[in-house]
Amino acid sequence: MNRYCGQDLGTSPHLIVLGSCKVGNFVVSTPVLRGLKARFPSSTLGFVGSEVTRDFELAMDQIDWRESWDRNYSGAASTLFCSIEEHISSHGSVDLVINLDGFNPVTCVLAALLQPKYVLGGSLDSDLRRSLPWGELSAQKFLADNDWDSSDFLARYHGFFSSNYIGELFVKLAFVQEYVDSSDIILPFVAPNFTVPDVLIHCTTARSAKIWPFAYWKIVIEFLEGNDMTIGLVGSPPRLQTETYNSGDGEEFLLANSSLIDLRGKTSLIQLAGACRAARAVISVDAGPLHIAAAVGTPTFAIVGNDSDAIGASPIRLWMPRCDNVSRSVSPYTCDRCASNHFRNDECLVDGHPCMSMMLPNQVINWLINTFSLIQES
């Protein structure tokens, strides 16, 4: 097993991409899948992803077989490995493993256990005793950095990376930058079984440092209501929103005090993509639905606690979608505490959560006025 350096893999290589269970990670990995199939059109491409994104994965022509990290394998990780081995028996030994979740120790173990000819991303060595060295090419050694979101990172790789964007990092890691545009996300979608409101909003994240005050959401909702626009609230089922995504009683407050339509838990992700595509606009904090709305081309506003230099609560240099239909808020408050902590903190590290609390609703309202020629209420 060796580090891949861009070599030819023959006429019909067997490729396996190791993804993660996070929605945003899957969305930004789709250019890699398209790029690999463009470069190796006769390849067999397997994908290890998630039941959460299962419908997306099944709808993608580039994926020839799939398995899930979170599928019920009777509680045994070895059963997942056995399922993958069945695909290897059917399609031949593995020529290349691309680990797009390379800081996960589980994926690093699996990458080595699959005994590929070549590997990209994190992996143990073939003896399973130590990490496989990254390699000396820029497409390899950048993985040793731990601050992909910083301006210093981009300076270190000047001339190789044109941005910090995770999609660009992924396609260059996979040596497919000549075959696909990393910012061009193409996501499957299915129309939901309800009439889609004019505007969809998504208020919650698993990391509470990215939450915007619900009182501010209410002001935006009132503005939309004043312009006779229907508004839908999307997200996971209500209980999961409370337990996992920091909604508290905020979403119930919005629903009880407005005409907001509760669509939480009413769609699969591929149907959410269809709903976003049918909506006139989507407004979201930094979370999976933001990436989905961006990918289907809907005018989208991202509410983030980052200043004009991208410093703030979210690693937006790394994760903000790079497409013309997406705009973002600009916080007047500069704070680098989250960045200094490598965004590993769930809660805000500063009293009063100023990066988000000082980002006032007028930014969202002005975007809506400019996007749809709406009338500002006096």
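Mentor: What follows is a look at the cavities and the residues that line them. This is a predicted model, in which local features need pLDDT of at least 70 and side-chain atom pairs count only at pLDDT 80 or more, while totals for chains, interfaces and linings use all residues. Residues are numbered from 1 along each chain as its sequence is written, and side-chain values use heavy atoms, with hydrogens and water left out.

A cavity is a set of points, on a 1 Å grid over the protein atoms alone, where a 1.4 Å probe fits but cannot get out, and its lining residues have an atom within 4 Å of a point. Grid points are joined across faces, edges and corners, and a volume is the space filled by probe spheres set on the points. By this rule there are two cavities of 30 Å³ or more.

The largest cavity has a volume of about 80 Å³, and of the 14 residues that line it, Cys335, Cys338, Cys348, Val350 and Cys355 are the closest to its centre. Its lining divides into 10 nonpolar, three polar and one charged, where Ala, Val, Leu, Ile, Met, Phe, Trp, Tyr, Cys and Pro count as nonpolar, Asp, Glu, Lys and Arg as charged, and the others, Gly among them, as polar.

The second largest cavity, with a volume of about 60 Å³, is lined by residues including Val27, Tyr165, His291 and Arg322. By class, this lining has eight nonpolar, two polar and one charged residues.

Definitions and conventions. 1 Å grid on protein atoms, 1.4 Å probe; cavity = no way out; pocket = protein on both sides within 12 Å on 5 of 7 lines; lining within 4 Å.
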